[in-house]
Structure formats: structure tokens, C-alpha cells
Amino acid sequence: MKHEIFTAATELRHQLHAHPELSMHETWTKTHLMEFLKAHTKLEITDCGRWFYAVSYAGDDKSSVAFRADFDALPIEEAPDFVPYASQFPGVSHKCGHDGHAAALAAFALDLDENGADQNVYLIFQHAEETGQGGKECAALLAEKNISEIYAVHNLPGLRFGAVAAPDGTAQFASTGMILTFEGKKSHACYPENGRNPAFAISELVLALDGLAKNPKYRGMTLITVIAVNVGEHAFGTNAGHGELLLTVRGSLGEELDDLLHAIEKTARELSAQHGLQCSVRYEDVFPDTFNHAACAEKVRRAARELDIPVEELAEPFRASEDFGWYTKKIPGAIFYIGGGDCPPIHTVTFDFPDALIEPIGDLYRKILEFC
């Protein structure tokens, strides 16, 4: 990567970092990225509302490959003096590194504009990865443009700095936010027998969760995390009649996650019936499992080896979810990880994407393209 491209991309990342926006609200971010590409390239840019893509055309008879970067931030406060380009938006910051992902893809756009490619290259700048909504929406572009393969990167603290990991098969878990609502009947606290308090059914369900998650029939790992239990209100004279249980349910295999969700629902409804309650269920932040196609993951590893970048293996799939899985359900592709070394974990207040990773990511994109 040319020094001028790296410098411009680094400054771009700092600007994105200073103006973080939550999922489905990334108006400044999207506009700024589009303006950056318009100022530095002649690539064709298509505004799709909440997201956009840029294209380097090689010809109608050429194959089409896509690279994707996310650009939403997290609801995490950042100290105003944390870095010179600290978040200017209270309560919001780039603590997952999406500012770095987007800046690296923008750097690759400058390289494509200058050097071209033998394929049609689509650069997808995606919103709302943190909630799973963005990938599901943007993945429609793949069929529309007859794109044959797609790639993405995520920084990974703890992996040796600058090293690359590109696993075959499941790369990241499927997950779903699950909200179970229990409706009973309020009563005076001195006559609890006249009411139907959901606390007991919720307690029994929570105690049953570990057994449901550890069902020996599951081949992959399944996890249930209790996020919140809300029953009643601050009123000592009232026996509660309403309750909610919030769970995050994960699975390394998407079909096993679906089975586990069904088992939780079934248990919740059985317990509700025993306690005279009504139970309803809804879902938020739905992520499929992120599956790497072996041939595509090998192209990433081969690209790293040819660039003399160390290649390492992950001990297990990354448990955090990634909505890149919406893309690889439709076409072959792979997400790969680049090591952040001994830096704070993502989603923590002291994390900041390392600028030095922008250059190798851009170089990897270019080298991967040679094998497509």
C-alpha cells in the first residue's frame, strides 16, 4: 500500500472514530465515507439509503467479487481525552473496530481506482452489523449483481499482532436475543394466593436453562446467557403480575440454535401453563452462523503466506456473532481475522483499532483478488 493511501485512510479512521453512530442511525458516517471516495476515486458509487457500495468495473464479461466492511458503533462511553480523535458523541464510540474496517476498505478503493483489477469488484459499506440487520439487507446485492464470492475482515485482540486466521466452516456462532414475557395477575401482597406471580415460573425456567443448553444430542457448542430478569415493581404492597426474561442464545451450528430456541419456548409455555400464566416470545438481534467456505478461506491463507503474514489457527469458532453470515448463506465467501496483539478486548472502554492494521488488510484484499 502506498504511503499516501495509508495516511489518507488513517485520517479517515480518526474522523470516523470521532463521529460514531449506532446501528440504523449512521447518517454522518455513510455520507462521510461516500464523500471520501468521491474525493479520492472515480469509482461508481451507489447510495442505497442506509448503506452504499462502490464498484471497480473490469467489463461485462468478467466475474464479480465483493468485499464488505461494517461502519456502526456501540453504546459505550469513551473518555474525552482517551485519544486525540476521541468520540464527540456522548455514550457512543467505536469499540469494535468498525471504523478501522471501513477505513481499510476505503484504502482498498483508492488502490483499485489507481491500479484496477481483472474482475468487477464491489465494495460494500454496511450499516447495522451490531444488530444483525445490515448484513441481511445488504446481502440482496449478491444475486442482483451476480457476485460470485465475498470476503470481510474483523480485527481480533489476543491473536498475534498482524497475524491472520481464516478458519474453514463455522467461523462465528449464530445467536439470537430472546424476550419471554409472562402475564399473570396482580394481587395485594398480603393475599398472594389471589394473584399469579410470574417470578416462580421464571425462576424454574432459569434453573432449567443449563440442562437445555447441555443436551447431549448437540454436536456443537450451545450457550444461554441470562441478560435480565424483570418482575414486578418497587411496590411492597403489590404481588407482581408481569415479568420478562431476556436471554442471549448462541450456537456454533445454526440448526442446533433453532432447536434450542424451540426447547426453551416449549419449556416456558409448559411452566406458564402450570402457574396459570400467559407466555409470549419475541426475538431481536438475530444472527446466523458465519460459515466460511473452505476454498475461500484457503485463498485468504494463501494470500497471507504470499505476503509473509503469519497464519494461525483459532482454538474454536469466535463465540461473538457476525452478520457476515447472511452473505455466506447465499454465495461462497470467508471472513478472516487479523490480530490486534496484546490490546484491550473489543466492546471494552479502552479498545481502539490499531492504525497499523489498515495497510496489511488492504494488501490482503488485493492479494485475495488475484486468486479469485
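How many residues does helix H2 have, and how far does H2 reach from its first C-alpha to its last?

## Helix H2

Helix H2, residues 27-40, has 14 residues and reaches 20 Å from its first C-alpha to its last. This is close to the 20 Å expected at 1.5 Å a residue, where the expected span is 1.5 Å times one less than the number of residues. Helices (H or I, at least four residues) and strands (E, at least two) are DSSP runs, numbered from the N terminus.

This is a predicted model, in which local features need pLDDT of at least 70 and side-chain atom pairs count only at pLDDT 80 or more, while totals for chains, interfaces and linings use all residues. Residues are numbered from 1 along each chain as its sequence is written, and side-chain values use heavy atoms, with hydrogens and water left out.

## The buried residues of H2

Thr29, Lys30, His32, Leu33, Met34, Phe36 and Leu37 of H2 are buried. Buried means under 20% relative accessible area, exposed over 50%, and partly exposed in between (1.4 Å probe, protein chains only). The buried residues of H2 pack against helices H1 (3-18) and H3 (98-115) and against strands E1 (44-47), E2 (52-56) and E4 (120-126).

## Ala117

Ala117 lies in the loop between H3 and E4. With 22% relative accessibility, Ala117 counts as partly exposed. Leaving aside neighbours within four places in sequence, Ala117 is in contact (heavy atoms within 4.5 Å) with Ala58, Leu112, Arg366 and Leu369.

## Cysteines

The whole structure contains zero disulfides, a disulfide being a pair of cysteine sulfur atoms within 2.5 Å. The sulfur of Cys96 has its closest cysteine sulfur in Cys343, and the 12 Å to it is too far for a bond. Cys96 is buried, with a relative accessible area of 4%, whereas Cys343 is partly exposed, at 22%.

## The largest pocket

The largest pocket is lined by 25 residues, of which Glu130, Ser175, Arg250, Asp285 and Phe287 lie nearest its centre. On a 1 Å grid over the protein atoms alone, a pocket is an open set of points where a 1.4 Å probe fits, with protein on both sides within 12 Å along at least five of seven lines; lining residues have an atom within 4 Å of a point.

Strands E8 (174-183), E10 (222-231), E12 (242-251) and E13 (278-287) each supply at least two residues of this lining. The largest share, five residues, comes from E8.
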